[in-house]
Amino acid sequence: MSFTSDVKDELARVEPSCSHCARATLAALVRIEGTLLIMGKGRRGLEISTEVGPVARFVIRSLHGMYDFKTELTARRSVLHDTPNFLITVPPQPGLDDALVDLGVLGDAGLESGIAPHLVEKTCCSAAYVRGAFLGRGFIADPRGDFHFEITVENETLAGELVALMNRHSMNAHVLKRRNSFIVYMKSGPSILAFLAFTGAHQGALSMESERVRKSVRNDINRKINAEIANQAKSAASAVDQIVSIRKIVESGKVSSLSPGLQEFVYLRLHNPNASLKELGEKASPPLSKSAVYHRVRRLEDIARKL
């Protein structure tokens with residue numbers, strides 16, 4: 001299973017914190033995955049589609065428990081993606097219009113475009129609504145790769161209000177338009193962790209935090225290795241420059257005119273071509289600091305430049 005599937009499976013099993021939380025989750029699912037059917041003479045029906053078995057069970061259980069609706073379930077398999085698909089149909093029946101008002105789908109002026117305030121009055125209900133939106137069309141990338149989270153919605157107002165709702169609870173969500181849809185997305189590890197914790201996917205949050213720590217340690221090790229390689233390359237390049245300067249002085253026959261300290265450095269460098277300045281200083285007699293050795297290098301390079 002993918003990380004998204006694992007999280008959806010966990011979220012679909014979260015127990016509601018209050019008597020209105022299930023309604024908020026169902027409302028988000030209906031808004032995002034539902035299709036309102038107009039059948040003439042004022043008769044309406046409803047279809048809700050999902051690829052997650054626990055989500056289908058939640059929808060059916062909620063429709064039966066909250067509204068006592070008759071439902072029909074059709075299980076199909078996508079030929080393109082080889083994944084299951086569950087279609088829950090609510091045929092026309094008494095009380096459906098009232099339920100659609102209760103779920104924030106219908107209002108006085110017809111179809112609602114945003115989130116009905118009565119659905120998210122409490123913090124637990126806000127979490128339930130965000131949970132339902134993700135169960136509908138949410139995606140989280142495997143945390144072993146780049147962090148990425150998104151929920152696809154079909155209208156801009158709903159996307160904007162969903163972002164505002166999430167950002168009130170420590171998430172840094174944004175909206176972008178992708179073809180005919182609007183994407184609520186996050187690319188920050190802490191924001192995605194905040195979503196998982198807020199909506200009740202605690203196992204998903206632990207898995208992601210574990211991977212985040214692993215990535216942080218791996219990145220620290222890589223940075224240190226890269227820095228060490230860069231330092232070694234820099235030291236090697238400096239050693240080559242020093243040997244070039246020394247050979248120039250040797251070829252000019254002026255080594256004997258150098259001070260004892262510089263002659264000692266020439267000897268040490270030629271016999272230790274790969275050593276760092278610190279290591280050369282430790283081999284000197286008496287031992288020298290890195291800055292003292294560097295001072296001798298500068299003097300040798302100045303002499304070589306003047307030849």
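Helices α5 and α7 are roughly perpendicular to each other, because their axes cross at roughly 115 degrees and angles of 65 to 115 count as roughly perpendicular, under 35 as roughly parallel, over 145 as roughly antiparallel and the rest as oblique. This is a predicted model, in which local features need pLDDT of at least 70, side-chain atom pairs count only at pLDDT 80 or more, and totals for chains, interfaces and linings use all residues. Residues are numbered from 1 along each chain as its sequence is written, and side-chain values use heavy atoms, with hydrogens and water left out.

**Helix pairs**

- Helices (H or I, at least four residues) and strands (E, at least two) are DSSP runs, numbered from the N terminus.
- The axes of α5 and α7 (residues 189-199) come within 9 Å; axes are lines fitted to C-alpha atoms, for helices over the stretch in contact, with angles from 0 to 180 degrees between N-to-C directions.
- The α5 and α7 crossing is left-handed, a term for a near helix turned anticlockwise from the far one by less than a right angle (right-handed if clockwise).
- The axes of α8 and α11 also come within 9 Å, and they cross at roughly 50 degrees.
- α8 and α11 are therefore oblique to each other, and α8 passes α11 in a left-handed crossing.

**Largest pocket**

- The largest pocket holds about 370 Å³ of space.
- A pocket is an open set of points on a 1 Å grid over the protein atoms alone, where a 1.4 Å probe fits, with protein on both sides within 12 Å along at least five of seven lines; lining residues have an atom within 4 Å of a point.
- Grid points are joined across faces, edges and corners, and a volume is the space filled by probe spheres set on the points.
- Its lining has 16 residues, with Lys234, Ser235, Ser238, Leu277 and Lys290 nearest the centre.
- Two or more lining residues come from each of α8 (202-251), α10 (277-283) and α11 (290-306), and α8 gives the largest share, seven residues.
- The lining of the largest pocket has five nonpolar, five polar and six charged residues; Ala, Val, Leu, Ile, Met, Phe, Trp, Tyr, Cys and Pro count as nonpolar, Asp, Glu, Lys and Arg as charged, and the others, Gly among them, as polar.

**Second largest pocket**

- About 300 Å³ of space lies in the second largest pocket.
- Of its 15 lining residues, Lys8, Glu33, Glu51, Gly136 and Gly138 are the closest to its centre.
- α1 (3-11), α5 (123-137) and β7 (138-140) each give two or more residues to this lining.
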